[in-house]
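Biologist: Hi! Could you pick one part of this model and take me through it closely, with the cut-offs spelled out as you go?

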Amino acid sequence: MGSILSADQIYQFTERDENGGDSVYRLRILRHDQEHLVVTTENVTPIKIAIITAFEPGSLQTATFVRGIATDQWSTYQVTRVGAGASSLVLGHKGSFINRLEAVRRYL
């Protein structure tokens, strides 16, 4: 894994969605070495779907664990937490969470 990320650092990034606009996330590097990467994210700003607020700030959190298992082979595991600030309209739709996980997997 590249050296641009370092443990104990906090970053922010913006995700742009064509239906909800921009959402800002906080990304924390909890562990980063030759064999492991542990990253957490949480939304800093509301996440909107059209005019509806789907997630209030801090109510969508993820932890991603990446571990080297062999030369050029990695395993990933991700946990998503949806807090009390989430709209009931999004809680029953597992597909959106699976799509997000698949996007992270493909990127890694």
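Modeller: Gladly, and the part I pick is the sheet. Two strands pair if DSSP finds at least two bridges between them. Strands (E, at least two residues) and helices (H or I, at least four) are DSSP runs, numbered from the N terminus. The model is predicted, so local features need pLDDT of at least 70 and side-chain atom pairs count only at pLDDT 80 or more, while totals for chains, interfaces and linings use all residues. Residues are numbered from 1 along each chain as its sequence is written, and side-chain values use heavy atoms, with hydrogens and water left out.

The protein chain has seven strands and one helix, in the order β-β-β-β-β-β-β-α from the N terminus. Five of the strands build an open, antiparallel sheet, ordered β1-β2-β3-β6-β7. At its edges are β1 (10-17) and β7 (73-82), each of which pairs on one side only. Ignoring direction, neighbouring strands of this sheet are turned by 25 degrees against each other on average; the axes behind that angle are lines fitted to C-alpha atoms, for helices over the stretch in contact, and angles run from 0 to 180 degrees between N-to-C directions.

Let's cross the sheet from β1. Eight antiparallel bridges join β1 to β2 (residues 21-32), with Thr14 facing Val24 as its bridge partner. Three residues sit between β1 and β2 in their hairpin. For burial, the relative accessible area decides: under 20% is buried, over 50% exposed, and in between partly exposed (1.4 Å probe, protein chains only). β1 lies largely in the open because zero of its eight residues are buried.

Charged pairs come next. A salt bridge needs a side-chain nitrogen of Lys or Arg within 4 Å of a carboxyl oxygen of Asp or Glu, and by this rule there are four. One of them joins Arg16 and Asp22 at 2.7 Å, N to O; Arg16 is exposed at 68% relative accessibility, whereas Asp22 is partly exposed at 39%. Another joins Arg26 and Glu42 at 3.0 Å, N to O. This pair links distant parts of the chain, Arg26 in β2 and Glu42 in β3, 16 residues apart. Glu42 also forms a salt bridge with Arg28, with the closest N and O atoms 4.0 Å apart. Together, Arg26, Arg28 and Glu42 make up a network of salt bridges. Within it, Glu42 counts as buried at 15% relative accessibility, while Arg26 at 23% and Arg28 at 32% are partly exposed.

Further across, β3 (residues 36-43) and β6 (residues 60-70) pair antiparallel over seven bridges, and Thr40 has Ala63 as its partner in β6.

Finally, the nonpolar side chains. A nonpolar core is a set of buried Ala, Val, Leu, Ile, Met, Phe, Trp, Tyr and Cys residues joined through side-chain atoms within 4.5 Å. The largest one has six residues: Tyr25, Ile47, Ala54, Phe55, Leu60 and Ala86. A second, separate core has five residues, among them Leu27, Ile29, Leu37 and Val66.
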